[in-house]
Amino acid sequence: MSIDTDTKTIDRIQSLQIAFYGAGSMAEAIARGMINQNLTQPKRIAMLNRQNADRLNELNSQYGVQTILQGSSNEAFLKEADIIFLAMKPKDAVEAIAGIKPYISEHQLIISVIAGLSISSIELLLGRKLPIVRTMPNTSCTIGLGVTGISYSEAVTKEQQLLAEAIFQSVGITSVVEENYQDAITGVSGSGPAYVYYFMESMIDAAKAMGLSETAAKELVTQTVLGAAEMVRATGEEPAELRHKVTSPNGTTQAALELMSQQGLAETIASGMKRSAERAAEIGADIERSLKK
C-alpha cells in the first residue's frame, strides 16, 4: 500500500465502531495494540462477553473500552459495529456465533481469531456468505511486535482487505496466505511465543542451577534472546550463518550445540510445531463435526 492509501485506510478505521465478541487474552492484545498505536479510540471499541463481569470491569478500567455482559445492550453493540471480532474460545464458538447470527448484517466485516475455525464453518454458522477474515495472530500484538496470518473469504472487498491488514499491521507484521496454510501459521507463530518462553525458562533455570541469582539469570537470558533476534532482523543474515560466527571450533558453543543436537533439540522443536498445527486442524474438525449433528 502507498503512504496515501495507508493514511486513508487509517482514517477510515478511526471512524468505525469495533466490537470484540469474547474478552480473552487475544482480544485484549489486539485492542490494546490498536489503542497504543492510535489506530482507534477506546470509546470506539466494545468488548463483550457472556459472563465474567470482573474481567469486563478490568478491561474497562485499564483501557477505557466499552464493556457489558450478555443482554439487550450487547445486541445494540453488535448491530452498530462495523467490524466484529470473533474472539471466543474454540469450544464456545459454535454456540456463540450461532447466537449472534440475528444481529449480523452484510455491511459488517467479520474477523475471526479462533484457532482452527474455517471460513466455511463461520459462513455455515451465520447462514450466509459474508465478508469474513480468518486470522491467526499471536499475543506479541500487545506490544506491537505480533505476527498475524490472514486469509479472506470471497466476499471480502479490497477496501476491507486494507482495513484488516492495517489493523494487524498496527500491532506487528502480517502474512496473507491461502486458508489451507492457517494451521501451519498456528504452529509457527501463533503458538511460537510460548516455545521461546519455554526455552527462556529452561535457560533461566539452568543459569540459577549454575549459581547465578534469579534476577541476574532473567536479565542475562532476556537480553541474550533479544539481542539474537535483533541480530537476525538487523543484519538480514540467516540464523545458521550467525550461529556459525558464534561457534569456534572445539570451543564452548560447539560443545553445547553438539550435546543439544545429540539429544534431539531440532527434532523436538520440529515435532512440537507440527503437533501445534495438527491440533489446530483437529479443533477445526471437531467444530465441523459438531455442525453436522
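**Reading salt bridges, rings and strands**

Modeller: Start in helix H13, where Arg275 and Glu278 both lie three residues apart, about one turn of the helix. Helices (H or I, at least four residues) and strands (E, at least two) are DSSP runs, numbered from the N terminus. This is a predicted model, so local features need pLDDT of at least 70 and side-chain atom pairs count only at pLDDT 80 or more, while totals for chains, interfaces and linings use all residues. Residues are numbered from 1 along each chain as its sequence is written, and side-chain values use heavy atoms, with hydrogens and water left out.

Colleague: How do I read a salt bridge, and how many does the structure hold?

Modeller: Side chains of opposite charge can pair when their charged atoms come close. The cut-off here is a side-chain nitrogen of Lys or Arg within 4 Å of a carboxyl oxygen of Asp or Glu. The structure holds 15 salt bridges.

Colleague: With which residue does Arg275 form a salt bridge, the closest N and O atoms being 3.6 Å apart?

Modeller: That partner is Glu278. Arg275 also meets Glu282 in a salt bridge, at 3.0 Å from N to O.

Colleague: Which residue forms a salt bridge with Asp286?

Modeller: Arg289 does, with the closest N and O atoms 2.2 Å apart. Asp286 and Arg289 are three residues apart in helix H13, so about one helical turn separates them. Asp286 is partly exposed at 37% relative accessibility, and Arg289 is partly exposed at 48%.

Colleague: Which residues do salt bridges that share partners join into one network?

Modeller: Arg275, Glu278, Arg279 and Glu282.

Colleague: Which residues form a nonpolar patch on the surface?

Modeller: Patches are made of residues with over 30% relative accessible area and no salt bridge; like charges are joined within 9 Å, and nonpolar side chains (Val, Leu, Ile, Met, Phe, Trp, Tyr) within 5 Å. Accessible areas come from the Shrake-Rupley method with a 1.4 Å probe, and for residues only the protein chains shown count as cover. Here the patch is Met260, Leu265 and Ile269, with about 240 Å² of accessible area together. Leu265 is found in helix H13 (residues 265–291). Leu265 is partly exposed, at 34% relative accessibility.

Colleague: Now the rings. How many aromatic pairs does a search of the whole structure find?

Modeller: A pair of aromatic rings is described by the distance of the centres and the angle of the planes. Rings of Phe, Tyr and Trp (its six-membered ring) pair if their centres lie within 6.5 Å; planes under 30 degrees apart count as stacked, over 60 as edge-to-face and the rest as tilted. The search of the whole structure finds two pairs. Phe20 and Phe85 have ring centres 4.3 Å apart and planes at 10 degrees, so this pair is stacked. Phe20 lies in strand S1 (residues 18–21) and Phe85 in strand S4 (residues 83–86), so the pair ties together parts that are 65 residues apart in sequence. Phe20 is buried, at 0% relative accessibility. Phe85 is buried too, with 0% relative accessible area.

Colleague: With which residue does Phe85 form an aromatic pair that is edge-to-face?

Modeller: Phe168, at 6.2 Å centre to centre and 65 degrees between the planes. This pair links distant parts of the chain, with Phe85 in strand S4 and Phe168 in helix H7 (residues 158–169), 83 residues apart. Phe85 and Phe168 are both buried. Phe20, Phe85 and Phe168 form one aromatic cluster.

Colleague: In what sense do S1 and S2 pair?

Modeller: Two strands pair if DSSP finds at least two bridges between them. S1 and S2 pair in the parallel sense, over four bridges. Ala19 has Ala46 in S2 as its bridge partner.

Colleague: How many residues of strand S2 are buried?

Modeller: Five of the five residues in S2 (residues 45–49) are buried. Ile45, Met47 and Asn49 point one way, and Ala46 and Leu48 point the other way.

Colleague: Which unit do S1, helix H2 and S2 make?

Modeller: A right-handed β-α-β unit, with H2 covering residues 25–36. A crossover is right-handed if, with the strands pointing away from the viewer, the path from the first strand over the helix to the second runs clockwise.

Key. Buried < 20%, exposed > 50% of the residue type's maximum accessible area, 1.4 Å probe, protein only.
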